[in-house]
Amino acid sequence: MPGTVAAETLAEAIADAYRHNPQLQAQRAELRALDETVIEAMSPYRLGASINSNIALNERRQRGLSSEGFSVFEQRSMGASMSISQLLSSGGRTAAQVSAAEADVLSGRERLREVENSILFEVIDAYVSVLRDQQLVAIQTQAVGNYERQVAQNRSREAEGDLAMTDVAQAQAQMLIIRAALAQSLASLQQSRSRFATVVGRNPGALDPGPGLPAVPMTSVEAQRAAADESPILWQAILNERASGQRIAAARAERAPSISAQGNVGYVNPAGFQTRDLGGNIGGSINLTVPFFAQGVIGSRVRAAIAQQQSATFRVEEARRSVAAGVLNAWNQTVTAQQQLRVGQEAVTAAEAALGGVRRGFAEGFRSNFEVIDSEQRLLNAQLLTVNARYSLFAGQATLLAFIGRLQAAVLVDGIAPYDAGANLAAQRRDQFGPFLPLVRAFDRIQRPSAKGYPAPTIAAAAAVRTGVASPAPDGPLATTLPLPSGDASDPIPASGSQREK
């Protein structure tokens, strides 16, 4: 119709949140800050240069042995020079620190992907919550109107002597109960609207129910496999474990010799402030530093790094279990909601037919007032069940995709320009000056110590793992087991004597 405002789509809400959500923008800024740790870690590989200048005056008064007065000794000097420094070898320490920083950045990108999944889930959940609450308000408003007409009809028939006052009170009580529920639904609707405005950045208008979500796995087995391959939560833990391994190598490399070169060129006048007396000064050196006694600090740092790596290994398994449990619960919610939706729709059809027959019977005097109230409530319950099941189905699918890591704007919305998480670091690397960087880094990588620590204890399975049967979506059986690894309770950590890092 002319002048009709088109309903807002879920894709539009997702696109707006992806571009303007402050939490997502803040996480992108945090990633850009994390990018700088790679630049800082690689700084020893780059050529360093500085310009130094000084002008000095030193005046000293001293009483001589054969003189009663003071003698004045004055020294003046001035000069300027440029110093250049270049690391030749750090024994692999810098290479390990760079690898750890790069792993941290990759983990940060997975963290950004997790936040994006979380934000877009909030968008979807708020969107379908508004739709759900609008439908609940409409259903309960209609129910209140039906009961108001029932109360008026009962009062009219009570005045004629066909019904008792009890019948009027029954209908009125049910009307007031539904009216109270309607008040709560109206409050819930405003709460859902405020959630939408918080995450999207504007208040919702008319919302289009729209299509379903793409890339939803068809079986629980497929969902678990996809989560194991794609989950940003799991990949964060894996990359953090890799970074901790490189920090073991960096700590061990502190025992290795380091070699650096330094040179300077300038002009110096050591005896005055006259520029005509400035003389050229050139110097250079190659410095070799060999740690000898570290007072136990290096060994302590290595042991601490190994312990941190073992902790990171456990975090990987913790993340794997958490993601598997989240996928299982989301899958079960989706399957259950689909079954409830199908049953609810059938119940609505049956309840509408029953209510129509009861109303005709009541008008003809064959049905009681209580039967009319009971049929009205049965229809209302079926309608509420259907609306809530439709919400749970959509929210369950969104939760499943969030745990897998597929709630990404580029996947959900056609034509949206994705944020390039690697562009900033690539640009910063191009801006850095280091003529000897490739050669020095390659030589340093060769010397990098082992990044392996002692293995962490094996976690025994709490019970024997039972393999469940793959379930077709959305009508399959509920998932009942997590994909836990089997194993015994053996502890592969070496004896304390063999684990010592001196």
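# Burial, packing and salt bridges

Student: Is Ile416 buried or exposed?

Tutor: The relative accessible area of Ile416 is 10%. Under 20% counts as buried, over 50% as exposed, and anything in between as partly exposed (1.4 Å probe, protein chains only). Ile416 is therefore buried.

Student: What pLDDT do local features need in this predicted model?

Tutor: Residues are numbered from 1 along each chain as its sequence is written, and side-chain values use heavy atoms, without hydrogens or water. The model is predicted: totals for chains, interfaces and linings use all residues, side-chain atom pairs count only at pLDDT 80 or more, and local features need pLDDT of at least 70.

Student: How far apart are the C-alpha atoms of Ile416 and Arg19?

Tutor: Ile416 sits in the loop between α9 (409-412) and α10 (423-431); helices are DSSP runs of H or I with at least four residues, strands are runs of E with at least two, and both are numbered from the N terminus. Along the chain, Ile416 and Arg19 are 397 residues apart. Their C-alpha atoms are separated by 9.5 Å.

Student: How are α7 and α8 oriented to each other?

Tutor: Helix α7 (residues 297-363) packs on helix α8 (residues 369-404) at about 160°, with the axes 6 Å apart. Axes are lines fitted to C-alpha atoms, for helices over the stretch in contact, and angles run from 0 to 180 degrees between N-to-C directions. Under 35 degrees is roughly parallel, over 145 roughly antiparallel, 65 to 115 roughly perpendicular, and the rest oblique. The two helices are therefore roughly antiparallel.

Student: How many salt bridges are there?

Tutor: Side chains of opposite charge can pair when their charged atoms come close. A salt bridge here is a side-chain nitrogen of Lys or Arg within 4 Å of a carboxyl oxygen of Asp or Glu. One network of them links Glu8, Asp16, Arg19 and Arg202. By this rule the count is 21.

Student: Which residue forms a salt bridge with Asp125?

Tutor: The closest N and O atoms of the pair are 2.4 Å apart. The pair links distant parts of the chain, 70 residues apart, with Asp125 in helix α3 (residues 93-159) and its partner in helix α4. The partner is Arg195.

Student: What separates Arg321 from Glu317 in helix α7?

Tutor: A salt bridge joins the side chains of Arg321 and Glu317 at 3.1 Å, N to O. Glu317 also meets Arg320 in a salt bridge, at 3.6 Å. Because Arg321 and Glu317 are four residues apart in helix α7, the separation is about one helical turn.

Student: What is the area of the nonpolar surface patch that includes Ile84?

Tutor: Ile84, in strand β2 (residues 70-89), is partly exposed at 33% relative accessibility. Patches take residues with over 30% relative accessible area and no salt bridge, joining like charges within 9 Å and nonpolar side chains (Val, Leu, Ile, Met, Phe, Trp, Tyr) within 5 Å. Areas come from the Shrake-Rupley method with a 1.4 Å probe, and for residues only the protein chains shown count as cover. Ile51, Met82, Ile84, Val265 and Ile282 make a patch of about 490 Å².
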